Amino acid sequence: MPILNIQIMQGHTDSEKTALLENATRAVEASIGAPVQSIRIVLEEVDARNVIVAGKLGHPMALALVRLIAGRDEAKKATLIAALSLAIHASLGIAEQDIRVVLTDVPNTDMGVAGGLTAKAAGR
């Protein structure tokens, strides 16, 4: 059950944001084989006055925080990082050097899924 929180700066069009959500969903699905029904993405927009990148206030950036049920190997994680970076770049035009993807493995005992069960209790 991949859960993503993607932070971008304000100012992108509705169609760009929709493209980002759709492209990021496909990237997760294709790179780690997650069923689309299990993918959750929240998009947050941040005022440029609240962003500094490499000492430059308001510099375009994106940050994708990804929580995964633990167990995927390093190769799958690297593929996911690359796929998300490309999806963000393709959707919003942000340079890949200004995109960060941070993965966090969550033990299956610490991730809640449908019906209020832990992922472990649900067999994941």
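Which exposed residues does the face of α2 turned away from its buried side carry? They are E74, A75 and A90, where exposed means over 50% relative accessible area, buried under 20%, and partly exposed in between (1.4 Å probe, protein chains only). This is a predicted model, in which local features need pLDDT of at least 70, side-chain atom pairs count only at pLDDT 80 or more, and totals for chains, interfaces and linings use all residues. Residues are numbered from 1 along each chain as its sequence is written, and side-chain values use heavy atoms, with hydrogens and water left out.

**Annotated domain**
- An unreviewed UniProt entry carries the annotation "domain: 4-oxalocrotonate tautomerase-like" for residues 2-56 and 66-116; UniProt positions follow the numbering used here, feature names are shortened, and annotations may be inferred rather than shown by experiment.
- Residues 2-56 are 35% helix and 31% strand, with end C-alpha atoms 32 Å apart.
- Residues 66-116 are 37% helix and 27% strand, and the end C-alpha atoms of this span lie 21 Å apart.
- Helices (H or I, at least four residues) and strands (E, at least two) are DSSP runs, numbered from the N terminus.

**Helix α2**
- Helix α2 covers residues 74-92, and its 19 residues should span 27 Å at 1.5 Å a residue, which agrees with the 27 Å between its end C-alpha atoms; the expected span is 1.5 Å times one less than the number of residues.
- The buried residues of α2 are L80, L84, S85, A87, I88, S91 and L92.
- Viewed down the axis of α2, these buried residues fall within an arc of 160°, so they line one face of the helix; the arc is that of the directions from the helix axis to the C-beta atoms.
- An α-helix has 3.6 residues a turn, so residues three or four places apart point the same way.
- Among the elements covering the buried residues of α2 are β1, α1, β5 (62-69) and β6 (99-106).
- At the N-terminal end, D73 caps α2, with a side-chain oxygen 3.2 Å from the backbone nitrogen of A75.
- Just after α2, G93 takes a positive phi of about 80°.

**Nonpolar cores**
- A nonpolar core is a set of buried Ala, Val, Leu, Ile, Met, Phe, Trp, Tyr and Cys residues joined through side-chain atoms within 4.5 Å.
- The largest nonpolar core has 22 residues, of which I6, V28, V66, L80, L84 and I88 touch the most other members.
- At least two residues of this core come from each of β1, α1, β5, α2 and β6.
- A second, separate core of 6 residues includes M1, I69, M111 and A119.

**Single residues**
- I6 lies in strand β1 (residues 3-9) and is buried, with a relative accessible area of 1%.
- Beyond its neighbours within four places in sequence, I6 is in contact (heavy atoms within 4.5 Å) with L20, A24, I41, V42, L43, E44, L63 and A64.
- V28 touches P2, L4, G33, A34, I39, L80 and L84, leaving out residues up to four places away in sequence.
- K17, in helix α1 (residues 14-32), counts as buried at 15% relative accessibility.
- With residues up to four places away in sequence not counted, K17 touches I8, H12, L43 and E45.
- A54 has a positive phi of about 50° although it is not a glycine.
- A54 lies in the loop between β3 (52-53) and β4 (56-57) and is exposed, with a relative accessible area of 75%.

Key
A polar contact is a pair of N or O atoms within 3.5 Å; within protein, one must be able to donate a hydrogen and the other to accept it, and residues adjacent in sequence count only if both atoms are side-chain atoms.
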